[in-house]
Amino acid sequence: MRRIRLKYAGLAALLVLGSWTAGGTAQATADDSPTVADAEPASPALLQAMQRDLGLSKERAEARLAAERTAMDVAPKVRKAAGSAYGGSWFDADSERLTVAVTADAAPATVRAVRAAGVTVRTVAHSARDLDAAKARIDRLPAPSGVSSWHVDPVANTVVVKVVRDQRSDNDVRGFVSRARAAGPVTVETVAAAPRTFAAGTVGGDPYYTGNVRCSIGFSVHGGFVTAGHCGGQGAGVRGWDGSYIGTFQGSSFPDNDYAWVSVGSGWWTVPVVLGWGTVPDRLVRGSAEAPVGTSICRSGSTTHWHCGAVLAKNETVNYSQGAVHQMTKTSVCAEGGDSGGSFISGDQAQGVTSGGWGNCSGGGETWFQPVNEILGRYGLTLHTA
């Protein structure tokens, strides 16, 4: 971006002279299990943001970040060790350890191999494979607007179906829940409001624009950036914060998915940076290792800027008014209109692009993102890393 060119001239020079080379990029595929790079010490501003949004002391925030880096590195390894007995995993914020679920029929050698990684082991009734299959059956059901979302919850070892509180007695909602229960182990919970996307009309800020819609840049890739699909269709032109032409949506999918990528040219350029908006120092992106459920995560967007929370669920199907979107990750981070497409990052690891949610940054809420590795794999893109 032109503004970034001016603002980050020193950063760009540092990257060129240092580690930002052609070798410092990461190509994501469905089979990748990226290892978390050695992280720099957390900045004071990042620790302050975690204290503000997560209620942690400085010392607890530092300890949690270190524990989460370990959990992100261990998670794909223990999943492989557990094999067909794998029942899911999550980060426990109280113990600051990864918990791994295994089925009751797991061989003793399998349990020993998982426990040897230094994780907590829990025995469950259903494997992750069985729960994923049950969710896939629910995905094929037509969902009424009173059904908010559904996802596999590894802690509860069930598929959790969320319904809007004041519509739970609706006949269509009751019918959906009944059919969902027939698909496998299901728990029903209520939410205060239905999810919505976070695009917005044209207002001030540091956005990009498609027509009269404002959204936020996600992550830099070679040739452009990734963002949310509902922000623009393939072929749509994109303007920057100053109104000048950036490029074009080269690919876009919404609903079913909520991802897109935009080419960058006409004097604009990209760097592996997530804006901290003065709340925290701008973050360098060093990879895209997936953060487990329970870990802390932060979001950058052009409306509400920088906010943090925790990963609540993965592979959740979200039922927007425009249609269902699959394979989403749910967080406790707030967002508002215009934040769509913006960056979700854990430490220095890219996680995904903001899709939608409910609530706001005054009263709180929940927000979903589309995982970045899925977007990279779908379009054959390479993430810019520092």
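These legends cover close-up views of a predicted model.

**View 1. Helix α4 and its kink.** Helix α4 covers residues 58–82. At 1.5 Å a residue, its 25 residues should span 36 Å, and the end C-alpha atoms are 35 Å apart, which agrees. A kink of about 35° lies at Val74, shortly before the proline Pro76. Val74 is buried, and so are other α4 residues, including Arg64, Glu68 and Met72. Just after α4, Gly83 takes a positive phi of about 60°.

**View 2. The surroundings of His307.** His307 sits in strand β20 (residues 305–320). Its relative accessibility is 14%, so His307 counts as buried. A polar atom of its side chain lies 3.2 Å from the backbone oxygen of Thr304. Beyond its neighbours within four places in sequence, His307 is in contact with residues including Arg52, Asp53, Cys298, Cys334 and Cys361.

**View 3. The disulfide of Cys215 and Cys231.** The whole structure has three disulfides, in the pattern 1-2, 3-4, 5-6. In this one, the sulfur atoms are 2.0 Å apart. The S-S torsion is about -90°, so the disulfide is left-handed. Both Cys215 and Cys231 are buried.

**View 4. The disulfide of Cys298 and Cys308.** The S to S distance is 2.1 Å. A torsion of about 95° makes this disulfide right-handed. Cys298 lies in strand β19 and Cys308 in strand β20, so the pair ties together parts 10 residues apart in sequence.

**View 5. The disulfide of Cys334 and Cys361.** The sulfurs are 2.0 Å apart. The torsion is about 100°, so this disulfide is right-handed. The pair links distant parts of the chain, 27 residues apart. Cys334 is buried at 11% relative accessibility, whereas Cys361 is partly exposed at 24%.

How values were computed
Residues numbered from 1 in each chain as written. Predicted model: local features only at pLDDT ≥ 70, side-chain atom pairs only at ≥ 80, totals over all residues. Heavy atoms only, no water. Helix = DSSP H or I, 4+ residues; strand = E, 2+ residues; numbered from the N terminus. Expected span 1.5 Å × (residues − 1). Bend = angle between axes of the 7 residues up to and from the residue. Buried < 20%, exposed > 50% of the residue type's maximum accessible area, 1.4 Å probe, protein only. Polar contact = N/O pair within 3.5 Å; in protein donor to acceptor, adjacent residues only side chain to side chain. Contact = heavy atoms within 4.5 Å. Disulfide = S-S within 2.5 Å.
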